Amino acid sequence: MIDLLRYDFMQRALIAALLVGLAAPAIGTFIVQRRLALLGDGIGHVALTGVALGFLTGTAPVLTAVVVSVLGAVAIELVRERGRTGGDVALALLFYGGIAGGVLLISLAPGGSNATLMSYLFGSISSVTVQDVWVIALLAAAVLGVVTVFGRELFVLCQDEEVAKASGLPVRFLSLLIAITAALTVVIAMRVVGLLLVSALMVVPVATGQQLTRGFRSTMLLAMLCGMVATVGGLTSSFYVEVPPGALIVLFALGGFVLALGLGRFVRRSRPQESN
Amino acid sequence: MRGGQVSLDRRPVLRGIDLTVRPGEVVAVLGANGSGKSTLVRALLGLVPLSGGSTLLYGTPPTRFRQWWRIGYVPQRLSVGGGVPSTIREVVASGRIARQSRFRLTGQADAAATARALEAVGLADRAGDPVQALSGGQQQRVLIARALAGEPETFVMDEPTAGVDAESQQLLADTLAGLVARGRTVVLVAHELGPLEPLITRAVVLRDGCVCHDGAPPKAVGAHALPGHDHVHPHAPEKPVSPLDWRPTS
């Protein structure tokens, strides 16, 4: 671990991994609660169009990815709000549109090909620059800030939208806030695990946490801990065994889930009075 | 509420409803399944858009209403999305939201009100348990406690007795009696009143989306035993601002 830190690229990667491991499960808890576990995937696919747009126009792909994925997230939220059914279909439409748009735009970009997109699809944390680290830190702070300041209101919203309305909460604003925060999370996680695996970091640690906890707050905190252990653990292991860190991070997270599943069953059995 | 109309999927659910709830009243909205009871109370609060007429909360349309802490809404059932566990205390404490400001931490007054609400519904000893582990009746008590925690002036309850065991029903009746004694206004939707009956001061019976009875609570409860006659209520001069009011557009 110590010799790991001697490499500059590894230091940057570890900071990025830590921040993503912290931020993604925090907003992920609300998303899972709202039954929008696939929202992150939808935004991730749309973000691909944003990345390609960056290459096409010669701007930083992270920047265009932020803009396009925020727009995509708002679109998903509006479709979800309008249509009483078909929220999953709306998501599916964005999945396909996002991938197709990304592939089309990258082929138009000078010198771009599908191979250019690969590092965004599957992550390339070892190539994170100092500037990337700053962007990730800023966005992660924004995500955690939203969760801290609006957490109470988001909790009510995710429990019951009508009650939120009858409590005078700005329901539409809060819904959009969740969607936009999710979009920011997708972009920061993009470099670490890749767009195709982004959602795993928002969902899997939450699923792990809820095996062992009884409350919302404790689930969120445990999920954040699981997220950090998975990202840092996956990244360090990938340094030694020469496999893509993104995949290893997600497999670490899944391993944690399986572990928690067994542990949770054991814990629940030792508290039988709760199972009525 | 006056001349209130609500349509869902272009099918009229409520037609020409005139209803004014005065402070301190305990109004039971009765009627058969599908008569629009639930829709009525949700429309009163502006949760369901009106296709005609208007509704006022303490003299203000819902979209411009800002004093939501005055109203405690108890929905029909606890919707626990996604399965992220929440403790009873977390859910009940969230009832304080209309009284809290965004940048301030949860304070002592919040904690005290939450504790009182938990005590009132007899769940104080289970506050740390996840709501998902509770029975239907106990979950209903959690929802009522959430509204109690907000210390509102008016309670709007959608079927608080549906699918609730006898013990919980009695507990609800006792809780309501306490609220009524302190001058709170209550509007509740019910299929049958059970132990709540002695508390009700006024019954509004819906049939096919229209008010078919408004006045003294019917003695025998059950759709067939309800008086079919129209009972026009002379409106008292509006000195205090009514908690809930539906007004005509034309």
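Which residues line the second largest cavity? In this predicted model, the lining consists of Val62(A), Asp132(A), Val135(A), Ile136(A), Leu139(A), Val187(A), Ile188(A), Met190(A) and Arg191(A). H6 and helix H8 (171–193) of chain A each give two or more residues to that lining.

**Second largest cavity**
- The second largest cavity holds about 60 Å³ of space.
- By class, its lining comprises 7 nonpolar and 2 charged residues, with no polar residue.

**Packing of H6(A) and H8(A)**
- The axes of H6(A) and H8(A) lie 9 Å apart, and the two helices pack at an angle of about 150 degrees.
- Because angles over 145 degrees count as roughly antiparallel, H6(A) is roughly antiparallel to H8(A).
- The crossing of the two helices is left-handed.
- On the H6(A) side, the residues in contact include Asp132(A), Ile136(A), Leu139(A), Ala140(A), Val143(A) and Phe150(A).
- On the H8(A) side, they include Phe173(A), Leu174(A), Ile178(A), Leu184(A), Ile188(A) and Arg191(A).
- The contact of H6(A) with H8(A) has 16 nonpolar, 3 polar and 3 charged residues.
- Asp132(A), Ile136(A), Leu139(A), Ile188(A) and Arg191(A) belong both to this contact and to the lining of the second largest cavity.

**Largest cavity**
- The model has 4 cavities of 30 Å³ or more, and the largest has a volume of about 160 Å³.
- Of the 19 residues lining the largest cavity, Ser167(A), Ile71(B), Gly72(B), Gly95(B) and Arg146(B) lie nearest its centre.
- Helix H7 (161–166) of chain A, together with strand E6 (71–74) and helix H4 (136–149) of chain B, are the elements that give two or more residues to this lining.
- E6(B) provides the largest share, with 3 residues.
- The lining of the largest cavity divides into 11 nonpolar, 5 polar and 3 charged residues.

**Second largest pocket**
- The second largest pocket has a volume of about 860 Å³.
- It is lined by 31 residues, and those closest to its centre are Thr148(A), Gly151(A), Arg152(A), Arg217(A) and Thr106(B).
- At least two lining residues come from each of helix H1 (8–33), helix H6 (130–159) and helix H10 (216–241) of chain A, and from each of helix H2 (88–93) and helix H3 (108–120) of chain B.
- H6(A) contributes the most to the lining of this pocket, with 8 residues.
- The lining of the second largest pocket contains 17 nonpolar, 6 polar and 8 charged residues.

How values were computed. Residues are numbered from 1 along each chain as its sequence is written. Chains are lettered from A and ligands numbered from 1 in the order in which they are written. This is a predicted model: local features need pLDDT of at least 70, side-chain atom pairs count only at pLDDT 80 or more; totals for chains, interfaces and linings use all residues. Side-chain values use heavy atoms; hydrogens and water are left out. On a 1 Å grid over the protein atoms alone, a cavity is a set of points where a 1.4 Å probe fits but cannot get out, and a pocket is an open set with protein on both sides within 12 Å along at least five of seven lines; lining residues have an atom within 4 Å of a point. Grid points are joined across faces, edges and corners, and a volume is the space filled by probe spheres set on the points. Helices (H or I, at least four residues) and strands (E, at least two) are DSSP runs, numbered from the N terminus. Ala, Val, Leu, Ile, Met, Phe, Trp, Tyr, Cys and Pro count as nonpolar, Asp, Glu, Lys and Arg as charged, and the others, Gly among them, as polar. Axes are lines fitted to C-alpha atoms, for helices over the stretch in contact, and angles run from 0 to 180 degrees between N-to-C directions. Angles under 35 degrees count as roughly parallel, over 145 as roughly antiparallel, 65 to 115 as roughly perpendicular and the rest as oblique. A crossing is left-handed if the near helix is turned anticlockwise from the far one by less than a right angle, and right-handed if clockwise. Contact means heavy atoms within 4.5 Å.
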